[in-house]
Amino acid sequence: MTAVITTRGLVKRFGRLRAVDGIDLDVRTGDIYGFLGANGSGKTTTVRMLLGLVLPTSGEIELLGGRMPRAGRRVLPRVGALIEGPAHYGHLSGRENLALLDAAGPGGSWRTRRRRIDEVLEQVGLAGVGRRPVKAYSLGMRQRLGLAGALLRRPELLVLDEPTNGLDPQGITEVRELLLDLHRGGTTVFLSSHLLAEVEQLCSRVGVLDRGRLVLQDELATLTAPTGATVVHTPTPDRVRATLDGRVTAVDGQRVVVLGADPAEVNARLVSAGIAVNGLALERPTLEEVVLAATGTSTDRVDARP
Ligand code: ATP
């Protein structure tokens, strides 16, 4: 896996506030990287530094193999970005807005440009409404138009700041499907979010920012790997405890946690003792539990649900 975004000791100070406090990001080709943090934790500031829109106070940034901000002119054309909600001209159609954006892009004949715009409108599911004025678009459609703009250059990397902010559930699903689609097509995605559930559903790799510090960074599958225990659902937890003497570590209603990562073995012992088993699974921590353990603060710092 090659590095797509690497930062070393990245710091941004605003006066006495260290908004970003020495972070080492590690985003690799093929990741859908979820950059998770509560409001005000420093996500937008980080994204702005990655794209060369704000200068770091100290530290290093490598984007697609180039040192930022110096390599910006070389590497930024290979990056699609969407930060803080896309800005469009409401009286122009989606297609016209894209044509304006495209005018600053890679160029080509009138026919090539038209094809490029058709293609991205199709990709984001706006092919049918590209001619309507943007002021008639829903928030979800505007966000998808913003993504279409980010896709015009066929980027290797998409950098998105809170891409589902302000969208209704349908809009969120649409953006998620689109990002998964792009990822299947080979695009690496870096997105910031304050929504745990969103990151858990979409991302392969997670970084958690807490008051400017990166307190966690790993593959989602590693973070939520089985703990070595099995969860049993049963109407008779006391009988499970008696049968598996010493192996039960927790009981919560009908949910019993048993030491041992072999559900079949646990099931066989319980069934042979005549105990009803309604459900059986390896125990895994949720991302919420992992994040809470890493931040060590109250749940209001990162939203568990949209
Ligand atoms: P949100 O999701 O609310 O945008 P965030 O995680 O993106 O939050 P940032 O916008 O990066 O957080 O802000 C991090 C901290 O830096 C906040 O305390 C914010 O008030 C402060 N900050 C951001 N930009 C500036 C600025 N230009 N001048 C002074 N302080 C700033």
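Biologist: At what distance does a backbone N or O atom of Gly 42 lie from an oxygen atom of the ligand?

Modeller: Begin with the term: a polar contact is a pair of N or O atoms within 3.5 Å; within protein, one must be able to donate a hydrogen and the other to accept it, and residues adjacent in sequence count only if both atoms are side-chain atoms. For Gly 42, the distance from its backbone N or O atom to the ligand oxygen is 2.9 Å. A polar backbone atom of Ser 41 is 3.0 Å from an oxygen atom of the ligand. Thr 44 uses its side chain instead, with a polar atom 2.6 Å from a ligand oxygen. The protein buries 56% of the 630 Å² that the ligand exposes when taken alone (accessible areas come from the Shrake-Rupley method with a 1.4 Å probe; for residues, only the protein chains shown count as cover).

Biologist: Before we go on, what kind of model is this?

Modeller: This is a predicted model, in which local features need pLDDT of at least 70 and side-chain atom pairs count only at pLDDT 80 or more, while totals for chains, interfaces and linings use all residues. Residues are numbered from 1 along each chain as its sequence is written, and side-chain values use heavy atoms, with hydrogens and water left out.

Biologist: Which residues are around the ligand?

Modeller: A residue is near a molecule if one of its heavy atoms lies within 4 Å of it. Here that gives Phe 14, Leu 17, Ala 19, Ala 38, Asn 39, Gly 40, Ser 41, Gly 42, Lys 43, Thr 44, Thr 45 and Glu 162. By class, 4 are nonpolar, 6 polar and 2 charged (Ala, Val, Leu, Ile, Met, Phe, Trp, Tyr, Cys and Pro count as nonpolar, Asp, Glu, Lys and Arg as charged, and the others, Gly among them, as polar).

Biologist: Which elements each supply at least two residues of that shell?

Modeller: Helices (H or I, at least four residues) and strands (E, at least two) are DSSP runs, numbered from the N terminus. The two elements are β2 (17–23) and α1 (43–50). The largest share, 3 residues, comes from α1.

Biologist: Where is Glu 162 placed, and what is its phi?

Modeller: Most residues other than glycine have a negative phi, and most peptide bonds are trans. Glu 162 has a positive phi of about 45° and sits in the loop between β8 (157–161) and α6 (169–184). It counts as buried because its relative accessible area is 12% (buried means under 20% relative accessible area, exposed over 50%, partly exposed in between, with a 1.4 Å probe and protein chains only). Arg 211 also has a positive phi, near 45°. Its place is the loop between β10 (205–210) and β11 (213–219). At 46% relative accessibility, Arg 211 is partly exposed.

Biologist: Which peptide bond is cis?

Modeller: The bond from Met 68 to Pro 69 is cis, with omega near 5°. Pro 69 lies in the loop between β6 (66–68) and α2 (72–75).

Biologist: Is Leu 63 buried or exposed, and which residues is it in contact with?

Modeller: Contact means heavy atoms within 4.5 Å. Leu 63, in strand β5 (residues 58–63), is buried, with a relative accessible area of 0%. Leaving aside neighbours within four places in sequence, its contacts are Val 4, Ile 5, Leu 50, Met 68, Val 75, Leu 76, Val 79 and Leu 157. Leu 50 is 13 residues from Leu 63 in sequence, and their C-alpha atoms are 7.3 Å apart.

Biologist: Why does Asp 31 count as buried?

Modeller: Asp 31 counts as buried because its relative accessibility is 6%. It is placed in the loop between β3 (26–28) and β4 (32–37). Beyond four places in sequence, Asp 31 touches Asp 26, His 183, Thr 188, Val 189, Ser 204 and Arg 205.

Biologist: Which domains does the assignment give the chain?

Modeller: Domain bounds come from an automatic or database domain assignment. Here the assignment gives domain 1 (3–223) and domain 2 (229–282). Their centres, taken over C-alpha atoms, are separated by 45 Å. The chain has 11 helices and 15 strands, and 45% of its 306 residues count as buried.
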